[in-house]
Amino acid sequence: MSRRIALFSIWLLFVNYTMWLAPLDRPDTWPLVQKLLTLQWGKVNAIIAVIFSLMGVWPMIFACLMFFDGRMQNFRAWPYFVGANGTGVICLLPYLFLRDRHQEFSGKKDKLLRILDKRSTGVALLLSTIALFAYAIIAGDWVDYIQQFQTQHFVHLISIDFCLMCLVFPIATLFDDDMARRGIDDRRIYWAVALFPLFGPLLYLCLRPPLPEISPKVVEARQMASLTSSKL
């Protein structure tokens, strides 16, 4: 419950902060967004382009966890994933604090889930992220970025949004439940992922064992056995 309250508080504060800054009302926002979306990166500070791109990597990291989790929820995960690609934590956080905890996966993995479950998917995301960081280091202008962070509301908000993505990943019980579903009970792995923002979750996706498929009958039998033992 404390984690859920923390996630809701972060969401509420950031929504209000975004509404207060109102970046879409600023005349300098849409020309910058157009350049980013049309890949005119030569006209944009490389650091800003990389942060904007990483805000597409983060939803993919969460997708590799939440699409399995969404199978057991009373609501779909994909609308939150789609929204997160456009608004970051504003659309992602409601899923994280509204979901119920489930540490079992039942049924068969469809084609999408098999792709998200592959270690090669995590490797592709990791290599893409390394390439983006290399581009920012080589071509980025930190003095200009700091100035734009202080003066342009869009740059300011996507930068904070990126930091919040790093913050909420270990806070959300989604990560704990994914570890449990895969039979990972070593808390040192949790802390290794939590203490290394972005790259910790990416390495987790590269190294985590495949999710075993469990039939609904087996899950029901386990629940009945657990209920019976608790009564005894």
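**Close-up views of an all-helix chain**

Of the 232 residues in the protein chain, 47% count as buried (buried means under 20% relative accessible area, exposed over 50%, and partly exposed in between, with a 1.4 Å probe and protein chains only). This is a predicted model, in which local features need pLDDT of at least 70 and side-chain atom pairs count only at pLDDT 80 or more, while totals for chains, interfaces and linings use all residues. Residues are numbered from 1 along each chain as its sequence is written, and side-chain values use heavy atoms, with hydrogens and water left out.

**Figure 1. The whole chain, to get your bearings.** The protein chain has 13 helices and zero strands (helices, H or I of at least four residues, and strands, E of at least two, are DSSP runs numbered from the N terminus). Along its principal axes, the C-alpha trace spans about 65 × 35 × 30 Å. Among the contacts with a separation of 6 or more, 81% are between residues 24 or more positions apart (contact means heavy atoms within 4.5 Å).

**Figure 2. Welcome to the largest pocket.** Its volume is about 530 Å³. On a 1 Å grid over the protein atoms alone, a pocket is an open set of points with protein on both sides within 12 Å along at least five of seven lines, whereas a cavity is a set where a 1.4 Å probe fits but cannot get out; lining residues have an atom within 4 Å of a point. Grid points are joined across faces, edges and corners, and a volume is the space filled by probe spheres set on the points. There are 21 lining residues, and the closest to the pocket centre are Gly 86, Thr 87, Gly 88, Phe 154 and Ile 158. Two or more lining residues come from each of α1 (2-21), α2 (29-37), α3 (46-69), α4 (78-87) and α9 (153-171). Helix α9 gives the largest share, five residues. Sorted by class, the lining holds 13 nonpolar, seven polar and one charged residues (Ala, Val, Leu, Ile, Met, Phe, Trp, Tyr, Cys and Pro count as nonpolar, Asp, Glu, Lys and Arg as charged, and the others, Gly among them, as polar).

**Figure 3. The second largest pocket.** Here you will find about 250 Å³ of space. The residues that line this pocket include Phe 67, Arg 71, Phe 75, Arg 76, Trp 78 and Asp 110. By class, its lining has six nonpolar, two polar and three charged residues.

**Figure 4. Inside the largest nonpolar core.** This core has 69 residues, of which Trp 58, Phe 62, Met 66 and Leu 96 touch the most other members. A nonpolar core is a set of buried Ala, Val, Leu, Ile, Met, Phe, Trp, Tyr and Cys residues joined through side-chain atoms within 4.5 Å. Helix α3 gives the most to the core, with 17 residues. Take a look at Trp 58: setting aside neighbours within four places in sequence, Trp 58 is in contact with Phe 162, Met 165, Cys 166, Phe 169, Leu 198 and Pro 201.

**Figure 5. Where α3 crosses α8.** The axes of α3 and helix α8 (residues 142-151) come within 8 Å and cross at roughly 65° (axes are lines fitted to C-alpha atoms, for helices over the stretch in contact, and angles run from 0 to 180 degrees between N-to-C directions). On the α3 side, Ile 47, Ile 48 and Ile 51 meet Trp 142, Tyr 145 and Gln 148 of α8. This contact has five nonpolar, one polar and no charged residues.

Figure 6. Helices α9 and α11 (187-194) each supply at least two lining residues, and α9 has the largest share, three. The lining divides into nine nonpolar, no polar and no charged residues.

**Figure 7. Two leucines with positive phi.** Most residues other than glycine have a negative phi. Leu 39 has phi near 60° and sits in the loop between α2 and α3. With 62% relative accessibility, Leu 39 is exposed. Leu 198 has phi near 70° and lies in the loop between α11 and α12. At 2% relative accessibility, Leu 198 counts as buried.
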